[in-house]
Amino acid sequence: MANEQTIATYFSRVMAAIGGNTAGPGDAVVNVYINHEKKFAFVEMRTVEEASNAMALDGIMFEGVSVRVRRPSDYNPSLAAALGPSQPSPHLNLAAVGLTPGAVGGAEGPDRIFVGGLPYYFTEAQIRELLESFGPLRGFDLVKDRDTGNSKGYGFCVYQDPAVTDIACAALNGLKMGDKTLTVRRATASSGQPKPDQENVLAQAQQHIALQKLALQVGSGVPGLFPALGPPETPTKVVSLTQVVSADELRDDEEYDEILEDMREECGKYGSIVNLVIPRPDPSGESRPGVGKVFVEFSDTESSGKAKAALNGRKFGGNTVVAIYYPEDKFSMGEYD
């Protein structure tokens, strides 16, 4: 088991290996405190500059475990900036210890953003995709439970371009995600507000998020969770459901009738159904448009909207359903694609 001495020796050697020692010969680590119960340790360095260089060691392997290197919770970047550099030197030789610059962590600094209210089922990749709608990240840390590894529903990020910070905060803060509401703000007190020349970018960002609200509420089951910008959907009385059935399931007459009845019963919960179409495969084996989809025409858009919202992301026969509005004119002409 690791102890104060082994941690001090290891990190002093690693700092020397990457060229992180700036205070001359000797060990960079001067003190170590371990909290075995909560599985973390405080490591004190000789200088502010060496402490900042040590932040580049996030993800390094120690005794077979990838170590998360973070600042203490009471770290104040504004005050620390007056004492020395708050970021690692760009000239560190991280390859000497098997690390890649910027590959892990890096969510530290004066432009650090707190992101709270995240649905627990969102994966790290999905959250990154949302945040990177505004620009590439320098670092992102999703806080997880030490014992279970599950998300705690909040994290921190830093953008490569500091000018993006306030734009992202303004656009994301208050965003509804299912039954949760995002809280997005600078992690440290700041008077930073979007500058006048950023207002157009902010307006675009807010429009971007507005168009994606529905996708965010759906959850992790929808392919392309944060798609490229496009015109918002126009409500129609027809809803198209994809990833509901497979072509093989539709070949057998009895099975087809059962699926038809199941879909009619399920969709009927949301309003009066005028017509329900499930295209079947061509017996000759030729490709036929719409196979694998279900098209439901309701008597009004209120019913179709309820069905779309309720069925999108639902499981049906082991598949995750994707629901969208479908043009009424195409449906009436029997065009199913």
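The questions and answers below concern salt bridges, cores, helices and aromatic contacts in a predicted model.

Me: How many salt bridges does a search of the whole structure find?
Reply: Side chains of opposite charge can pair when their charged atoms come close. Among the pairs in this model are R70 with D58 and E132 with R128. The search of the whole structure gives a total of 12 salt bridges.

Me: How far apart in sequence are the parts that the pair R70 and D58 ties together?
Reply: R70 and D58 form a salt bridge, with the closest N and O atoms 2.7 Å apart. R70 lies in the loop between β4 (65-66) and α3 (77-81), and D58 lies in the loop between α2 (48-54) and β3 (61-62), so the pair ties together parts separated in sequence by 12 residues.

Me: Is D58 buried or exposed?
Reply: Buried means under 20% relative accessible area. R70, the salt-bridge partner of D58, is partly exposed at 26%. The relative accessible area of D58 is 4%, so D58 is buried.

Me: What is the relative accessible area of D282, which meets R288 in a salt bridge?
Reply: The side chains of R288 and D282 meet with N and O 3.4 Å apart. R288 is partly exposed, with a relative accessible area of 35%. D282 is buried, and its relative accessible area is 18%.

Me: Which element gives the most residues to the largest nonpolar core?
Reply: The largest nonpolar core has 23 residues, and those with the most contacts inside it include V115, L131 and F134. The elements that give two or more residues to this core are β5 (113-116), α4 (124-131), β6 (137-144), β7 (151-159) and α5 (165-172). With five residues, the element that gives the most is α5.

Me: Which residue has its backbone oxygen 2.9 Å from a polar atom of the side chain of S12?
Reply: S12 is in helix α1 (residues 4-18), and S12 is buried at 6% relative accessibility. Leaving aside neighbours within four places in sequence, S12 is in contact with N21, D27, A28 and V29. The backbone oxygen at 2.9 Å belongs to A8.

Me: With which side chain does the side chain of E266 make a polar contact?
Reply: E266 is found in helix α7 (residues 253-267) and is buried, with a relative accessible area of 12%. Beyond its neighbours within four places in sequence, E266 is in contact with L311 and R314. The polar contact, at 3.2 Å, is with the side chain of Y270.

Me: Which residue caps the N-terminal end of α8?
Reply: Helix α8 covers residues 301-311, and its buried residues include S303, A307 and L311. Just after α8, G313 takes a positive phi of about 90°. At the N-terminal end, a side-chain oxygen lies 3.2 Å from the backbone nitrogen of E302, and the capping residue is D300.

Me: Is the aromatic pair of F40 and F42 stacked or edge-to-face?
Reply: A search of the whole structure finds 12 aromatic pairs. Planes over 60 degrees apart count as edge-to-face. The rings of F40 and F42 have their centres 5.3 Å apart and their planes at 80°, so the pair is edge-to-face.

Me: Over which ring does the charged end of R280 sit?
Reply: Two arginines are placed against aromatic rings here. R112 lies over the face of F156, at 3.8 Å from the ring centre. The charged end of R280 is 4.2 Å from the centre of its ring, and that ring belongs to Y256.

Note on methods:
Residues numbered from 1 in each chain as written. Predicted model: local features only at pLDDT ≥ 70, side-chain atom pairs only at ≥ 80, totals over all residues. Heavy atoms only, no water. Salt bridge = Lys/Arg side-chain N within 4 Å of Asp/Glu carboxyl O. Helix = DSSP H or I, 4+ residues; strand = E, 2+ residues; numbered from the N terminus. Buried < 20%, exposed > 50% of the residue type's maximum accessible area, 1.4 Å probe, protein only. Polar contact = N/O pair within 3.5 Å; in protein donor to acceptor, adjacent residues only side chain to side chain. Contact = heavy atoms within 4.5 Å. Core = buried A, V, L, I, M, F, W, Y, C linked by side-chain atoms within 4.5 Å. Phe/Tyr/Trp six-rings, centres within 6.5 Å; stacked < 30°, edge-to-face > 60°. Lys NZ or Arg CZ within 6 Å of the ring centre and 35° of its normal.
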